[in-house]
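Subject: Structure for you to look through

Hello,

Here is the structure I said I would pass on. Please open it beside this message and follow along.

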Amino acid sequence: MQVRALDKPYRPFPVTLLNGMGRGLGAIGLQPVKLDRQTLLDLAVKKAGCDDFGDSGFLEGLDRILAAIEQESQLTLLGRLMAQGAISNDLANRLKVIQWRKQHPEVAQQEIRQPLFILGLPRTGTTILHALLDVDPANRSPLVWEVAYPVPPAQPASWLTDPRIAEDQQTLNNLYKLCPGFEAVHPMGATMPQECVAIFCMDMMTESYHCTFNIPSYIDWLDEQDFTRTYRWHRQFLQHLQSGGVTGERWLLKSPCHLHLIPQLLAEYPDANIIHTHRNPVDVCVSISSLMAMLRGVGSDNIDLKQIGQQQLAWWEKLLQRSVDQRKQLAATHGAQFFDLKMSEIVADPLAAVERLYAHFG
């Protein structure tokens, strides 16, 4: 199946009608969907039923995201509803996890030992490798549904039958209806492994929103930030999931968001092992640009394919160069903790690739 991005996004009739209503209201100065800090915080509190957000450091990221959306994204009414829903849900999950941790202080005693991270440029085989390694019961991945609905933490008896799975799958099915072809390009399912970028969303330090909305000023800011607090949140979230009793010998984690943050990742997880995937960067940028155009086209009528391509080339060149520099600096002290793998090797013989990386890490 060949799927390509379009500069004129697909619109079912109800969505066209909804967006037309939004344009009409905008023409008379009315905005039915508010995207400001207090509105989003209030919505999150209402959804979560509690109001302790913990470390307030996430607020700057929230403000930057909202400002960039308003100034740069050119969202339709559906896009604004998507942004409001996604951000308020992430904030509500933050509230729920913090509240659960306060009620169950023993969660803080959960140990995270020798996590295995997959990082690299996007579209370099990380998803298929993640899925393959997840087959090993010794590896424990956070699943899509339990990151979307983390409280209470999943329990062994219902990990793959919890009613929250069906609810999350319906959300994904709705996305597939609005974005035809997305599932073929980037398969997702409620019981499939989830990326760390979704955990970072709850701290408002994430590239995830950049995939869905055109927010270059937020990304420029994000790339210069210290992620120490966000990796601390990441560990707390893993402790939370693990506390329900679904465990393995190690956590199996994956996201391109770690690519340029290797020193900060190792500062939080000094015993981590890291699989670094590789592919021709030009091919990567073509593929990720197409994916982003599809996703952004759900919530905006203003899709500039050339602009998206230029953005991705410049952005990933910057992050890849940082990653190369960091690997060089860490080679003497942490070299054995890395295993490099080309996408072509994964595709040609995935089991052989896994055997080699298992041998490398013992």
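A polar contact is a pair of N or O atoms within 3.5 Å; within protein, one of them must be able to donate a hydrogen and the other to accept it. Please keep in mind that this is a predicted model.

Helix H7

With that term in hand, look at the start of H7. Asp162 caps the N-terminal end of this helix, with a side-chain oxygen 2.8 Å from the backbone nitrogen of Arg164. H7 covers residues 163-178, which makes 16 residues. From its first C-alpha to its last it reaches 24 Å, close to the 22 Å expected at 1.5 Å a residue.

Which residues of H7 are buried? They are Arg164, Ile165, Asp168, Leu172 and Tyr176. Seen down the axis of H7, these buried residues fall within an arc of 125 degrees, so they line one face of the helix. Pro163, Ala166 and Lys177, on the other side of H7, are exposed. Helix H6 (144-148) and helix H8 (182-185) are included in what covers the buried residues of H7.

The sheet

Next, the strands. Five of them form an open sheet, in the order E2-E3-E1-E4-E5, and the pairing is parallel. E2 and strand E5 (338-342) are the edge strands, each pairing on one side only.

Strand E1 (residues 116-120) pairs with strand E3 (residues 250-254) in the parallel sense over three bridges. Leu116 has Leu252 as its bridge partner in E3, and Phe117 stands opposite Leu253 in E3. E1 also pairs with E4, again in the parallel sense, over five bridges. There, Phe117 stands opposite Ile274 in E4.

Is E1 mostly covered or mostly exposed? It is mostly covered, as five of its five residues are buried. Leu116, Ile118 and Gly120 point one way from E1, while Phe117 and Leu119 point the other way, and all are buried.

Helix H17 (residues 350-361) touches E1, E2, strand E4 (273-278) and E5, and its direction makes about 170 degrees with that of E5. At 1.5 Å a residue, the twelve residues of H17 should span 16 Å; the end C-alpha atoms are 17 Å apart, which agrees.

The buried residues of H17 are Ala353, Val354 and Leu357. These cover an arc of only 100 degrees around the axis, which puts them on the same side of H17. They pack against helix H5 (126-134), E4, E5 and helix H16 (343-348). Leu351, Glu355 and Ala359 are exposed, on the face of H17 turned away from its buried side. After H17 comes Gly362, whose phi is positive, near 70 degrees.

The other helix is H12 (residues 228-242), which packs on the sheet and touches E1, E2 and E3. The direction of H12 makes about 130 degrees with that of E3. Leu241 is found in helix H12. Buried means under 20% relative accessible area. Leu241 has 1% relative accessibility, so it counts as buried.

What does Leu241 touch, not counting residues up to four places away in sequence? The list is Arg140, Pro142, Glu146, Pro153, Ala154 and Trp251. The C-alpha atoms of Leu241 and Pro150 are separated by 7.1 Å, and the two residues are 91 residues apart along the chain.

Two buried serines

Ser141 lies in the loop between strand E2 (139-140) and H6. Its relative accessible area is 0%, so Ser141 is buried. The side chain of Ser141 makes a polar contact with the side chain of Asp134, at 2.8 Å. Not counting residues up to four places away in sequence, Ser141 touches His130, Asp134, Glu146, Trp159, Pro193, Trp251 and Leu252.

Ser323 lies in helix H15 (residues 305-334). Why does Ser323 count as buried? The reason is its relative accessibility, which is 0%. Leaving aside neighbours within four places in sequence, Ser323 is in contact with Leu259, Ile262 and His276.

Regards

Definitions and conventions. Residues are numbered from 1 along each chain as its sequence is written. This is a predicted model: local features need pLDDT of at least 70, side-chain atom pairs count only at pLDDT 80 or more; totals for chains, interfaces and linings use all residues. Side-chain values use heavy atoms; hydrogens and water are left out. Helices (H or I, at least four residues) and strands (E, at least two) are DSSP runs, numbered from the N terminus. The expected span of a helix is 1.5 Å times one less than its number of residues. Buried means under 20% relative accessible area, exposed over 50%, partly exposed in between (1.4 Å probe, protein chains only). The arc is that of the directions from the helix axis to the C-beta atoms. Contact means heavy atoms within 4.5 Å. Two strands pair if DSSP finds at least two bridges between them. Axes are lines fitted to C-alpha atoms, for helices over the stretch in contact, and angles run from 0 to 180 degrees between N-to-C directions.
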